[in-house]
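Morning, everyone, thanks for coming.

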Amino acid sequence: MREVYLDYSATTPVKKEVLDAMIPFFTEEYGNPSSLYKKGRYAKAAISDARKKIADLIGATDREIIFTSGGTEADNWAVKGVAYGNKHKGNHIITTKTEHHALLHTCEHLAESGFEITYLDVDQYGMIKLEDLKKAINEKTILVSIIFANNEIGTIQPIKEIGELTKNHGVLFHTDAVQALGNTEINVKDMNIDLLSMSSHKIYGPKGIGALYINKKVKLPNYIHGGAQEYQKRAGTENVPGVIGFGKAAELAKENMEAHIKKLTELRKYFIDKIFEKIDTVSLNGHPDKRLPGNINMTFSYVEGETMLLYLDVQGISASSGSACSSSSFEASHVLKAIGIPLENALSSIRFTVGDFTTKEDLDYVIETIVTIVNKYRKISPYYNTKKG
Ligand SMILES: *Cc1c(COP(=O)(O)O)cnc(C)c1O
């Protein structure tokens with residue numbers, strides 16, 4: 001049976017070149033980067049090299065890149081760090097209703113310890129309004145944290161304009177760019193970004209490694225205390241193979257970005273056009289074009305999403321009903337709710353994310369399978385048949 005993976009926003013396979021770059025650091029070059037002898041120095045130099053590659057991908061300088069255990073830790077550190085480090089200045093944080101749980105749950109935690117959080121609304125496409133942001137900033141605001149590109153619906157926010165606004169108001173700006181990395185141009189200097197979260201496993205690198213970009217002008221309190229690693233900003237013996245893999249993945253992402261975006265955008269268009277052609281009462285969630293090249297989030301009305309996912313799984317197809325954390329519950333996704341999708345339609349929504357290894361033939365198979373299941377379930381749906389008369 002054919003196997004088709006369409007969940008590249010959940011995680012990606014490690015590319016062969018990435019794995020090849022990592023392997024020596026498990027078995028031969030296993031030195032501790034803090035050791036002063038040759039093996040240690042070799043590992044340390046390799047980390048510096050990887051750091052440069054990641055800095056290059058986002059227009060930062062290498063000293064501004066600090067490795068973390070992933071995107072979740074980077075988000076936690078950025079938001080809690082600014083909050084605890086600026087308590088004397090204010091206690092107000094602005095974010096959106098469509099953040100990843102790494103950000104939302106961090107904010108909920110801070111709210112319990114006296115911070116005030118404003119969750120900005122978004123429009124039907126998932127876009128914030130700059131006017132709303134401007135109005136929300138007050139003299140107690142210490143941080144604006146807005147996701148660069150949404151993991152569920154793919155919407156890309158007006159980051160440069162947000163950076164301009166926060167700069168003019170003297171407020172720090174953090175963005176979770178885990179999904180945006182490698183999928184759209186990012187330049188932290190042009191965009192006035194102070195803090196930016198990244199994760200390796202969303203860009204064909206290994207899991208358990210990520211980074212936080214910290215603008216050199218920003219003083220962020222440490223989150224993990226211990227040794228002097230990472231310019232004394234993040235303690236713990238470095239995940240050397242992980243760092244090397246992330247560096248290689250970042251290098252490939254930069255080299256291939258244009259072709260990658262073009263390919264994914266074409267596949268996305270192909271899939272969406274075919275679905276609209278073959279199925280009625282279906283809609284696309286998120287912005288029509290200001291979206292991640294590989295993101296397709298669609299509502300198949302009158303078909304229960306979890307049932308569809310199970311059927312797809314049986315046919316060898318991996319897709320998602322929203323974010324991975326909510327895949328076992330029947331609660332509607334907070335993102336679909338925020339863009340005003342009614343509960344029954346939210347529960348009929350599926351996210352397909354295409355990637356570098358997706359082919360047109362894969363999509364033809366998936367489209368055919370979707371048509372079969374939708375027709376089958378609608379045939380026995382009283383709601384659908386009542387609507388049709
Ligand atoms: C995957 C993801 C994260 C979490 O990153 P991990 O490295 O898996 O901890 C955070 N934010 C967004 C938008 C993501 O897609």
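Before I go on, one caution: what you're looking at is a predicted model.

If you want to find that pairing by eye, look for Thr-299, whose bridge partner in S12 is Ser-349. These strands belong to an open sheet of 3 strands, in the order S9-S10-S12, with antiparallel pairing. Which strands are at the edges here? They're S9, residues 282-284, and S12, residues 349-353, and each of them pairs on one side only. On average, neighbouring strands in this sheet are turned by 25° against each other, ignoring direction.

Okay, next sheet. This one is open too, with 7 strands, and the order reads S2-S8-S7-S6-S5-S3-S4. The pairing in this sheet is mixed. Strand S2, at 65-68, and strand S4, at 116-120, stand at the edges; each has a single partner strand, so one side of each is left without a neighbour in the sheet.

Let's zoom in on the S4 end. Strand S3, residues 92-96, runs parallel to S4, and 5 bridges join the two. A handy landmark is His-92, which stands opposite Glu-116 in S4.

Now the ligand, which I guess is what you've been waiting for. How many residues are around it? There are 13, and those that come nearest are Thr-72, Asp-176, Gln-179, Ser-199 and Lys-202. Sorted by class, that shell has 8 polar, 3 charged and 2 nonpolar residues. Helix H4, residues 71-85, gives the most to the shell, with 3 residues.

Let me go through some individual contacts. In the side chain of Thr-72, an N or O atom is 2.6 Å from an oxygen atom of the ligand. Gln-179 has a polar side-chain atom 2.7 Å from a ligand oxygen. For Lys-202, a polar side-chain atom also lies 2.7 Å from an oxygen atom of the ligand. And how much of the ligand does the protein cover? On its own the ligand has 380 Å² of accessible area, and the protein covers 87% of that.

Last stop, salt bridges. The count comes to 15, and I'll show you one of them. Lys-53 forms a salt bridge with Asp-49, where the closest N and O atoms are 3.2 Å apart. Where do these two residues sit? Both lie in helix H3, residues 38-58, and they're 4 residues apart, about one turn of the helix.

That's my tour, so let's have your questions.

Key:
Residues are numbered from 1 along each chain as its sequence is written. This is a predicted model: local features need pLDDT of at least 70, side-chain atom pairs count only at pLDDT 80 or more; totals for chains, interfaces and linings use all residues. Side-chain values use heavy atoms; hydrogens and water are left out. A residue is near a molecule or strand if one of its heavy atoms lies within 4 Å of it. A polar contact is a pair of N or O atoms within 3.5 Å; within protein, one must be able to donate a hydrogen and the other to accept it, and residues adjacent in sequence count only if both atoms are side-chain atoms. Accessible areas come from the Shrake-Rupley method with a 1.4 Å probe; for residues, only the protein chains shown count as cover. Ala, Val, Leu, Ile, Met, Phe, Trp, Tyr, Cys and Pro count as nonpolar, Asp, Glu, Lys and Arg as charged, and the others, Gly among them, as polar. Two strands pair if DSSP finds at least two bridges between them. Axes are lines fitted to C-alpha atoms, for helices over the stretch in contact, and angles run from 0 to 180 degrees between N-to-C directions. A salt bridge is a side-chain nitrogen of Lys or Arg within 4 Å of a carboxyl oxygen of Asp or Glu.
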